[in-house]
Amino acid sequence: MTTTQQVKTASRINFAKAAPKAFRALIGFDAAAREGLDPALVELIQIRSSQLNHCAYCLHMHTNDARKAGESEDRLHMTQVWHEAPHFYTEKEQAALALTEAVTLIADAGLPDDVYTRAAAHFDEQELAQVLALIFTINTWNRLALATGKVAGTDER
């Protein structure tokens with residue numbers, strides 16, 4: 001960790017300590033969102049959102065978690081360019097990645113009907129709600145990590 005990173009991190013609020021009820025609520029929401037979803041899919045969603053949000057802290061954490069869960073290096077390397085290498089992912093995973101991108105970047109173009117319809121074709125209503133909740137939580141975690149100056153490689157869970 002560079003001195004600049006140490007100063008940046010030290011000068012930012014410790015959200016978990018400053019707002020423990022809000023932090024615990026986010027942990028609870030995150031756990032509820034993951035419930036019943038394939039752990040590999042969970043990590044792919046979190047990785048893609050973290051890439052789009054430029055959150056190195058979360059990207060580092062979730063790629064490590066994915067490796068521990070048995071995810072292949074090829075799939076991890078290709079997540080950022082999955083559109084160009086769809087054969088690395090199932091149709092269901094591609095639908096989830098497309099939904100992740102649309103929801104993460106929702107201010108750019110909303111959630112296009114074709115992206116939603118594609119996801120709805122691969123997930124039942126409850127699964128789709130879980131996937132959406134997971135996308136909401138990783139976007140919140142990304143914003144929390146970025147706003148509070150979390151440094152990649154310092155997994156503070």
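Me: Hello! In the lining of the largest pocket, how many residues are nonpolar, polar and charged?

Reply: Welcome! This is a predicted model. Sorting the lining of the largest pocket by class gives 10 nonpolar, 3 polar and 5 charged residues.

Me: How much space lies in the largest pocket, and which residues are the closest to its centre?

Reply: The space in the largest pocket comes to about 420 Å³. It is lined by 18 residues, and the elements giving two or more of them are α2 (15-18), α3 (20-34), α5 (56-68) and α10 (125-147). Closest to the centre are Phe 23, Tyr 57, Met 61, Trp 141 and Arg 157.

Me: α10 also packs with α4. Are α4 and α10 parallel, perpendicular or oblique to each other?

Reply: Helix α4 covers residues 39-52, and its axis lies 9 Å from that of α10, at an angle of about 45°. Angles from 65 to 115 degrees count as roughly perpendicular and those under 35 as roughly parallel. The pair of α4 and α10 is therefore oblique.

Me: Which residues of α10 make the contact with α4?

Reply: From α4 come Val 42, Ile 45, Gln 46, Ser 49 and Ser 50. By class, this contact has 6 nonpolar, 5 polar and no charged residues. The α10 side is made by Val 131, Leu 134, Ile 135, Ile 138, Asn 139 and Asn 142.

Me: Is the crossing of α7 and α9 left-handed or right-handed?

Reply: Helix α7 (residues 91-104) and helix α9 (residues 113-122) pack at about 145°, with axes 9 Å apart. Among the residues that meet are Ala 95 and Leu 99 in α7 and Val 115 and His 122 in α9. The way α7 passes α9 is left-handed.

How values were computed
Residues numbered from 1 in each chain as written. Predicted model: local features only at pLDDT ≥ 70, side-chain atom pairs only at ≥ 80, totals over all residues. Heavy atoms only, no water. 1 Å grid on protein atoms, 1.4 Å probe; cavity = no way out; pocket = protein on both sides within 12 Å on 5 of 7 lines; lining within 4 Å. Points joined across faces, edges and corners; volume = space filled by probe spheres on them. Helix = DSSP H or I, 4+ residues; strand = E, 2+ residues; numbered from the N terminus. Nonpolar A, V, L, I, M, F, W, Y, C, P; charged D, E, K, R; others polar. Axes fitted to C-alpha atoms, helices over the stretch in contact; angles between N-to-C directions. Parallel < 35°, antiparallel > 145°, perpendicular 65-115°, else oblique. Contact = heavy atoms within 4.5 Å. Left-handed = near helix turned anticlockwise from the far one by under 90°.
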